[in-house]
Amino acid sequence: MSFLKRLWRDKKLGAIGGLIFLLFLFCGVFADFLAPFGENETDLSVRLLAPGWDYLLGTDHLGRDVLSRVLIGAQLSMVVGFLAAGLATVISIIIGVVSGYFGGRIDMLIQRFVDAWMTFPDLVLLIVVVSIVGPGMPQIIIILGCLYGIAGSRIVRGSVITVKESMYTHAAQSMGASTMRILVRHIVPNVMPVVIVLFTTRVGATILAEAGLSFLGLGVPPPAPTWGSMLSGTGRTYMYMGPWLALAPGLCLTIVVYAINVYGDALRDLLDPRMRGVR
Amino acid sequence: MSVLDINGLTVSFRTETGRVYAVNDTSLHVDPGETLAVVGESGSGKSVTALAILRLLGEAGRIDQGSIHLEGEDLTALSELEMTRIRGNRISMIFQEPMTSLNPVIQVGRQVAEPLVLHQGLTWAQGLERAHDLLAKVAIPDPGARIRENPHQLSGGMRQRAMIAMALACSPRLIIADEPTTALDVTVQAQILALLKDLTVETGAALILITHDLGVVARYADRVTVMYGGRIMETAKATNLYRDPRHPYTRGLMNSIPSLDGPVGAALSTIEGQPPDLAHPPPGCPFAPRCSQRQEQCEKQVPPLRRDGERDIACVRHD
């Protein structure tokens, strides 16, 4: 409770970002109830209608309701965003904790692997892997999870090294706690502030990456109405006849990712103990 | 029988500039209910000796020689797993930083209960009940409320009391307190030390008090071991050591204590020179380069620790 109060008092923009994010999350969760039409329901008699009272965000070239498609698109984005970011976070914690806590040769080996991994540009890696395993939601989630998880492990590792050298870790050792116990009870809970921020920003990043892949036709295959594929398919083709086709998913994407990022920044500032008491 | 008996302990650390011998050929013992103070300046090897007893020297450190017997059992021969069963159970340690020695995200009660759950197989509910009693025993007011608080809600003195409660949880035979009051206010220092002393006398545990505060030593220690450059210079009963310091280094230390009834404005007396570089230790007595009474042979070979009545002393002048 006090945390939410502080968020609102000290970080207005971040709080608003969080609210917008929650709104989209709500839309995603209840998309099936909120959508006035089926997302793939075609009606050629109402093709390319401009936004109006019957179709709030207009219709596309097959007469599908854009609002319904954007809502279901939000659902897909949230599913991909949360699952991929969740997987990424778990991978980051495992790699970061093992590398940071055990140190020495293990750390050296893992970090050189992470270095090598990070030299590949994200998008190139994504395109290569997707062209090998083929497009589809589960693949996308796993690939994005691995991609961001390995890169993010660096941040967790840094935090683990700090906590590992803390007196309470030494105290726990002197008390006879086993390595596993120290990791689970003392190390992981104390790197959680970093992990929470990492997770939040990763949700935004994975949503954007998924949209990018879908835009290139390598994401969730049609007719699923992902924001990325709406932008690249009908959005681009009918850009002049129906600008709302690209505007709706494009704006949604921009707003969600921006909202998540400002919220993530606010979280980082609030959870970082060094920032306590600083505006 | 002594609770702890260290014999000829040598500890070294691997560094980039070669092996550094932090503790050399050190022998000491502590009896039940006794308080042994280990004094010395920074880098004298006192903390390393403590960590060696718990075998927590880290990756770079190792015990090269000697034995550490806890109630007859040689700790240097135990496996890591066997050591985890001894740490916090039969030997516990109190660190000098109460502000950072408690995990900030775990409630105080659960931290105090942890060794009990770990070593004595208590459930968390039983452990918390005992934690309540332990916090009351170390004179923390309103322990019922404190066990549910997080460490940052406690003052430094109270945190150190909580650390002591945690150290006492499993009724250890040996408690090692590494400068337990350095980070605390002077008024709180006396309370904490008196508490530690009372509790050890009461439980019959042995207490090793590592400190550089000779005032603390005078008041609370039964015996004193003076360390310098990783070696023991002199070990004696506290009263004897104060009345009659024999080793030149001990004398230097005693003379460095500022006196309240000395002349106003008098300069503080110091020991000339610098502590030895342990990466390149002098071949003889580590204190020889700073000793005002050194002889030729002091710089050639290390004087052995010799028994003289109730006192052990390592100095060639003392034959």
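**Close-up 1. Pairing of strands β3 and β9 in chain B.** In this predicted model, strand β3 (residues 35-39) of chain B pairs in the parallel sense with strand β9 (residues 223-228) of chain B over 4 bridges. Strands are DSSP runs of E with at least two residues, numbered from the N terminus, and two of them pair if DSSP finds at least two bridges between them. A37(B) stands opposite V224(B) in β9(B). Residues are numbered from 1 along each chain as its sequence is written, and chains are lettered from A in the order in which they are written. Local features need pLDDT of at least 70, side-chain atom pairs count only at pLDDT 80 or more, and totals for chains, interfaces and linings use all residues.

**Close-up 2. The open sheet of chain B.** The 8 strands follow the order β6-β7-β8-β3-β9-β10-β12-β11 (chain B), and their pairing is mixed. At the edges lie β6 (91-94) and β11 (306-308) of chain B, each of which pairs on one side only. From one strand to the next, the twist averages 20 degrees.

**Close-up 3. Packing of helices α6 and α7 in chain B.** Helix α6 (residues 156-168) of chain B packs against helix α7 (residues 186-203) of chain B at an angle of about 10 degrees, the axes being 10 Å apart. Therefore α6(B) is roughly parallel to α7(B) (angles under 35 degrees). Helices are DSSP runs of H or I with at least four residues; axes are lines fitted to C-alpha atoms over the stretch in contact, and angles run from 0 to 180 degrees between N-to-C directions. The contact (C-beta atoms, placed from the backbone, within 7 Å) involves G157(B), Q160(B), I164(B) and L168(B) of α6(B) together with V188(B), I192(B), L195(B), L196(B) and L199(B) of α7(B).

Methods
Angles under 35 degrees count as roughly parallel, over 145 as roughly antiparallel, 65 to 115 as roughly perpendicular and the rest as oblique. Two residues are in contact if their C-beta atoms, placed from the backbone, lie within 7 Å.
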